[in-house]
Amino acid sequence: VLPAGEYADASVDLSEAEGLGALAVTSVPSAPIDGQKPGTSGLRKPTKTFMKDPYLHNFVQSTFDALKGTGTDVTQGTLLIGGDGRYFNDKAIQIIIKIAAANGVTRMWVGQDGLLSTPAASAVIRERGPESQKAFGCFILTASHNPGGPDEDFGIKYNCENGGPAPEKLTNLIYENTRTISSYKSCEAFPEVDVKAIGATEVKAAGGARSVTVDVVSATDEHVGLLKTIFDFSAIKALLAREDFSLLYDSMHGVQGPYAKAVFVDELGADPSCLSNATPKDDFGGGHADPNLTYAKDLVKAMGLTNKGAKDPESEGKKVPSFGAAADGDADRNMILGDRFFVTPSDSVAIIAAQANCIPYFKSKGGLKGVARSMPTSGALDLVAKKMNINFFETPTGWKFFGNLMDSKELGGQDFSPFICGEESFGTGSDHVREKDGMWAVLAWLSILADFNKDPAQKLVTVEDIVRQHWATYGRNYYTRYDYEGVSAESANKMMDHMRSHFADWTGAEMDGFSIAKADEFEYKDPVDGSIASRQGIRILMSDGSRVVFRLSGTGSVGATIRMYIEKYEKDADKLDQVPSEALSGLVALGLKLSQLRELTGRENPTVIT
Ligand code: G6P
Ligand code: ZN
């Protein structure tokens, strides 16, 4: 251990005296490690990769260096730390605390038990503390819906003071730093923080010149408090109290369990039996904590559905819950189900937007002003925006692209708030935080249901009734997504290049009964800061509005995942009740043919269909 002064930056102003004791700063020699480039949502790699020192240390130090480079003073305000509870969450938190203290951070908040859901982290950053203590940022330890455990995945992402994921200019800087790093700083003698008990630990330098406070805070208070200001909890309570209404919420052993208990049991008075898999586990119970028809198996079965979203013949004559929902590992995703009925995420965001006035947050602000969806998400939301005559945006995949739109006013642009956005990948949310929010989506649906079911004497209006009514008004966007996981990066890129080379011949061509209006690659110019994101997905657009879209996932940890998104719009009242796989089969075949996916990757069938 060397004297602190030697490694301190001027801005940190560490006196030499404090070089002794728990705040002594050690500079540990290190070297760049390949592949630390954050993807769609942070850095995700096998847990074993993260556990090999100094993998995590390098990334965290590179983040601090990037923050310094962009003018963030980490000695002021608070650093928030928490995660989805997956394996290595606890150890990673202690490592980050030591590195943060050595980089000049003076105050940290850690979610109790080391837990923080992604939306709750965003809420704590935005809501907690007096101005002088407000969080300047947060490390969220999560690989979202990727499985957890020693042989699965771990992840880390940094969120900024607006509560949203670091913008690309920051993540690029972090990545550059990981490629040149030669040492990281750490207060190696910093005592292990007990994250079980709420309360503060103050660690003083031996000389008394500096102190660092680590405060273990409630993981749920800010988020639940914020949700209570958005929704009418008493109206939802009345819905839950109806004899003919029942609810089943599956936390999939991710971080949502404590939040689900706080909201449904403590606030809304529901019986705890409505919660399943509500104890966070470090391997998510061995499951794949991703709320979709394939992975949320138990919930899907309990709701009387097959894994294709059709009515399960075995459920015939049985009573199933009126409303079912699930969350992913870090609780930002959601799946909404009714009695034997699946709501696609693309429909879900469109319906919430159309019914936004059922929610006090929107109504009190004079109604919804802006909506956005990611490019591969279906056009159902576009139709609602058009009818409501409000601002509409189509962004690349990745929640971070919504952040600038939500902050537009603060960034000197137009005010699009209140704002709703969503993605086909089971993410829905609003500008109450800067992340998608699984609990928000569920409470939004319950608010809509509560509004349709105010009269307890009237027959229950179901989730299915509401969706069908929406289709009757706007038409139906049939939608499906095929995922091919674990494809070699080389063949996936070859397939994308193959399509790129054919844009010109396909545009205007007639093929297998489809007329292709245009084939291109999506590029996005951020309307707020003018930044450009290119190569954001290949689109084959038909003249009747149908689409086939191809992207390579940015969230995997090994190899490549190809996503093929298929959409067909139907306005004809007689054609609103088709089986989606049948309505879409022609487009699927065309997509496979044009991309030569099977030939170029050797993959006959998708790994998952959502
Ligand atoms: C994360 C992001 C989303 C994104 C999803 C799928 O959940 O927050 O914004 O839609 O990943 O991304 P991918 O690149 O795997 O398709
Ligand atoms: Zn997630």
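Before anything else, please keep in mind that the model is predicted.

I'll start with the overall division. How many residues of domain 2 are in contact with domain 3? There are 22 residues on the domain 2 side, in contact with 24 residues of domain 3. On that side of domain 2, the elements giving two or more residues are α13, residues 400-406, and α15, residues 463-474. Sorted by class, this side of domain 2 has nine nonpolar, eleven polar and two charged residues.

There is also a record to compare with. An unreviewed UniProt entry lists "domain: Alpha-D-phosphohexomutase alpha/beta/alpha" for residues 36-184, 227-337 and 346-459. In the model, residues 227-337 are 28% helix and 14% strand, with the end C-alpha atoms 21 Å apart. Residues 346-459 are 39% helix and 17% strand, and there the end C-alpha atoms lie 28 Å apart.

Next, a sheet. Five strands form an open sheet with mixed pairing, in the order β11-β10-β12-β13-β14. Its edge strands are β11, residues 275-276, and β14, residues 341-343, and each of them pairs on one side only. As a reminder, strands of a sheet pair through backbone hydrogen bonds, either parallel or antiparallel. Here β10, residues 247-250, and β11 run parallel and are joined by two bridges. If you want to find this in the structure, look for D250, which stands opposite S276 in β11.

Now for burial, with two elements. Is helix α10, residues 345-354, mostly covered or mostly open? Helix α10 is mostly covered, with ten of its ten residues buried. Among them are P345, D347 and I351. Strand β8, residues 199-204, is another matter: of its six residues the number buried is zero, so β8 lies largely in the open.

Strand β8 also belongs to a hairpin. Its partner is β9, residues 211-217, and the two pair in the antiparallel sense over six bridges. In this pairing V203 stands opposite V212 in β9. Six residues sit between the strands of the hairpin, and G208 takes a positive phi near 80°.

Strand β25 covers residues 547-552, and it pairs with β24 in the antiparallel sense over four bridges. L541 stands opposite R547 in β25. This hairpin has four residues between its strands, and G545 has a positive phi near 95°. Strand β24, residues 538-542, has a further partner in β21, residues 514-521, and that pairing is antiparallel over five bridges. There, I516 has M542 in β24 as its bridge partner.

Last, the ligand. Which residues are the closest to ligand 1? They are T40, S425, S553, G554 and T555, out of 14 residues that surround it. What classes make up this shell? It divides into one nonpolar, eleven polar and two charged residues.

That is the tour; I'll take questions now.

Terms used. Residues numbered from 1 in each chain as written. Chains lettered and ligands numbered in written order. Predicted model: local features only at pLDDT ≥ 70, side-chain atom pairs only at ≥ 80, totals over all residues. Near = placed C-beta within 6 Å. Nonpolar A, V, L, I, M, F, W, Y, C, P; charged D, E, K, R; others polar. Pairing = 2+ DSSP bridges. Buried ≥ 20, exposed ≤ 12 C-beta atoms within 10 Å, placed from the backbone. Contact = placed C-beta atoms within 7 Å. UniProt positions renumbered as here; feature names shortened; annotations may be inferred.
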